[in-house]
Amino acid sequence: MKKLRVNSVRLRLMLMFSVAFLILLGMLLLTTRLFFDQYYMSMNKQTMTMSMRTFTGSLMNGNGAELVVELKQNTGATVHIYTSDLKLMNQVVGQGANLPPARQGDQNQTQTQADQNQTLPPAQASQDQVPLTDTVKTVYDYLQTGQEIYFEVHEDDNGGLMVFGSLLPRGELLIMQKRMGLSEEASTLFFRFINTVSVVIYIVGILLIYVLTRFITNPIMKMKEITGKMANQDFSEKLEIKGGDEIQSLMASINDMADQLSTSIDNLNISNEQLEKELSKEKSLEKMRRQFVSDVSHELKNPLSMIIGYTDGLIQQIPKNERQKEEYYDIIMDEANRMERLVRDLLDLSGYESGAFTIEKEPFEINQLISDTLERLEMTLGHKEIHIDYDQNQDLVVNGDRLRIHQVLINLLSNSFKYVNDGGTIKISLNRDQDKVRFKVANTGPLIPEKDLEDIWNSFYQVNTENKGNGLGLAIVKSIIKLHNGTCCAYIEGGYNCFEFII
């Protein structure tokens, strides 16, 4: 059996029902004790009145003695009949007796006396109570005033006597009397019985209340359990609806609330995730901006320092001859060109990433553009011997900005030419994939570490800082391909560094 907590709803309901039940039982006992005697007398009066009327109505057509016996049986009272001069006509003690002839007129009187020729024997002593003469006189005088019935309770040492009187149609006086002692004995036994029964009924009622409160509180306890899970954002379990009362309606409302809360929390989690991504992206962009400014400052600092230093040397007339001056001039020009290329690349990259730069698309043959780029870059190889694997006999037309795609090809191919090993191979492939064109360039040489494959597309990022460059080439490639709604990637395959874009 489940233990009841002190502050549980079920215990409160049991206490309320128990107190209410106890109050009702107390009211029943108190009402019975206060009003039972009055009710007893009222019912006896009602019974005597109805029996008397039945007796009077049947008197003209029936045997008087039998009717008196029947009246005594119906009321439980002693019946006495007196003449109009208040003389006792008979005593009925369970025996048959005839009443005197009815007074109906001169013509019918003789016939009535002939039909009822048996008269009552003289009054004799018996065990029945005989009304006192003064009581009979009082009843008779009262009824002579026009009243239909007389009823009164006479108190005595034996518990009292109920006296009922009425005039018969022939002028005789009917008096019935009944002892109150019998009612007191019956009421005493009744009170003992009802007290015992009340205790038993109260105990049974408490047990029934205990069982019935389970049906009331079980749904409430289930709701408490489910809502506790909801508080921990667990909406997997739902309340089972059985019926259409107020509690079931509340359970249905809780289920609806759970569904709405679950949906709202899911949407809120999605929004939080998106917000976290945006914040992370914003932090990353801010970090990139700061890193970009730092890298730009660093990249511009070196050529500016070189230009300032060698210019100051010329002013101080450090070179002693024309050959040394020419070297100074060449260094200053190289650094100025380097700074000019850096600034140009920065401006291009800034335009691409900000979205302010727009491209002008047009159809053109990309294989011809690749051939022109290779021809231009082969002049920069110097003494390096490499093998270029490329099928120039292709005819693929793409729709894009020719000038910017040319810049992409220059950056990717020059990157491969820069890092290919002496005697190595550069592979170039161009393929159509449905409505897209896939360009891939791969070179042998030092392989890019796996951890750097994603970062090489960032501005100023360089895997090998010994090679000259500003680390902006691949960042520009990525921005231009993005403007063409394409994708680019880098990976290692079969000992080759592979760079690929699709537009």
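## A loop residue to start from

Asp391 sits in the loop between strand E7 (387-390) and strand E8 (397-400). This is a predicted model. Asp391 counts as partly exposed, because its relative accessibility is 44%. Lys427 is 36 residues away from Asp391 in sequence. In space, the two are 9.6 Å apart, C-alpha to C-alpha.

## The chain as a whole

The protein chain has 503 residues, and 34% of them count as buried. It holds 10 helices and 12 strands. The accessible surface comes to about 31,600 Å². Carbon and sulfur atoms account for 53% of that surface.

Contacts can also be sorted by separation in sequence. Take those between residues at least 6 apart in sequence: 66% of them join residues at least 24 apart.

## Two nonpolar cores

The largest nonpolar core has 39 residues. Ile366, Ile370, Leu412, Ile428, Phe439 and Phe499 have the most contacts inside it. The helices giving two or more residues are H7 (322-354), H8 (366-377), H9 (402-419) and H10 (473-483). The strands that do so are E9 (425-433), E10 (436-443) and E12 (496-502). H9 supplies the largest share, six residues.

A second core stands separate and has 16 residues. Met52, Val79, Phe164 and Leu174 are among them.

## Around Phe499

Phe499 is one of the residues with the most contacts inside the largest core. What does Phe499 contact, leaving aside its neighbours within four places in sequence? The list includes Leu412, Phe439, Val441, Ile448, Ile456, Trp457 and Leu474. Cys489 and Ala490 are in contact with Phe499 too.

## Where H9 meets H10

The axes of H9 and H10 come within 9 Å. They cross at roughly 145°, and the crossing is left-handed. On the H9 side, the residues that meet H10 are Arg404, Gln407, Val408, Asn411 and Leu412. On the H10 side, they are Gly473, Leu474, Ile476, Val477, Ile480 and Ile481. By class, this contact has seven nonpolar, three polar and one charged residues.

Several residues of H10 are buried: Leu474, Ala475, Ile476, Val477, Ser479, Ile480 and Ile481. Asn485 follows H10, and its phi is positive, near 60°.

Asp401 lies in the loop between E8 and H9. Is Asp401 buried or exposed? It counts as buried, because its relative accessibility is 9% and the cut-off for buried is under 20%.

Asp401 touches Ile359, Glu360, Lys361, Phe364 and His484, not counting residues up to four places away in sequence. His484 is 83 residues from Asp401 in sequence. Their C-alpha atoms are 8.3 Å apart in space.

Asn44 belongs to helix H1 (residues 9-59). With 8% relative accessibility, Asn44 counts as buried. Which residues does Asn44 touch, not counting residues up to four places away in sequence? They are Thr75, Met162 and Lys178.

## Glu240 between H5 and H6

Glu240 is in the loop between helix H5 (181-231) and H6. Glu240 counts as exposed, because its relative accessibility is 55% and the cut-off for exposed is over 50%. Not counting residues up to four places away in sequence, Glu240 touches Gln248 and Met251. Lys222 is 18 residues from Glu240 in sequence and 9.4 Å from it in space, C-alpha to C-alpha.

## Two glutamines with positive phi

Gln317 has a phi near 55°, a positive value in a residue other than glycine. It lies in the loop between helix H6 (246-315) and H7. Gln317 counts as exposed, at 60% relative accessibility.

Gln434 also has a positive phi, near 55°. Its place is in the loop between E9 and E10. Gln434 itself counts as exposed, at 70% relative accessibility.

Key
Residues are numbered from 1 along each chain as its sequence is written. This is a predicted model: local features need pLDDT of at least 70, side-chain atom pairs count only at pLDDT 80 or more; totals for chains, interfaces and linings use all residues. Side-chain values use heavy atoms; hydrogens and water are left out. A nonpolar core is a set of buried Ala, Val, Leu, Ile, Met, Phe, Trp, Tyr and Cys residues joined through side-chain atoms within 4.5 Å. Buried means under 20% relative accessible area, exposed over 50%, partly exposed in between (1.4 Å probe, protein chains only). Helices (H or I, at least four residues) and strands (E, at least two) are DSSP runs, numbered from the N terminus. Contact means heavy atoms within 4.5 Å. Accessible areas come from the Shrake-Rupley method with a 1.4 Å probe; for residues, only the protein chains shown count as cover. Axes are lines fitted to C-alpha atoms, for helices over the stretch in contact, and angles run from 0 to 180 degrees between N-to-C directions. A crossing is left-handed if the near helix is turned anticlockwise from the far one by less than a right angle, and right-handed if clockwise. Ala, Val, Leu, Ile, Met, Phe, Trp, Tyr, Cys and Pro count as nonpolar, Asp, Glu, Lys and Arg as charged, and the others, Gly among them, as polar.
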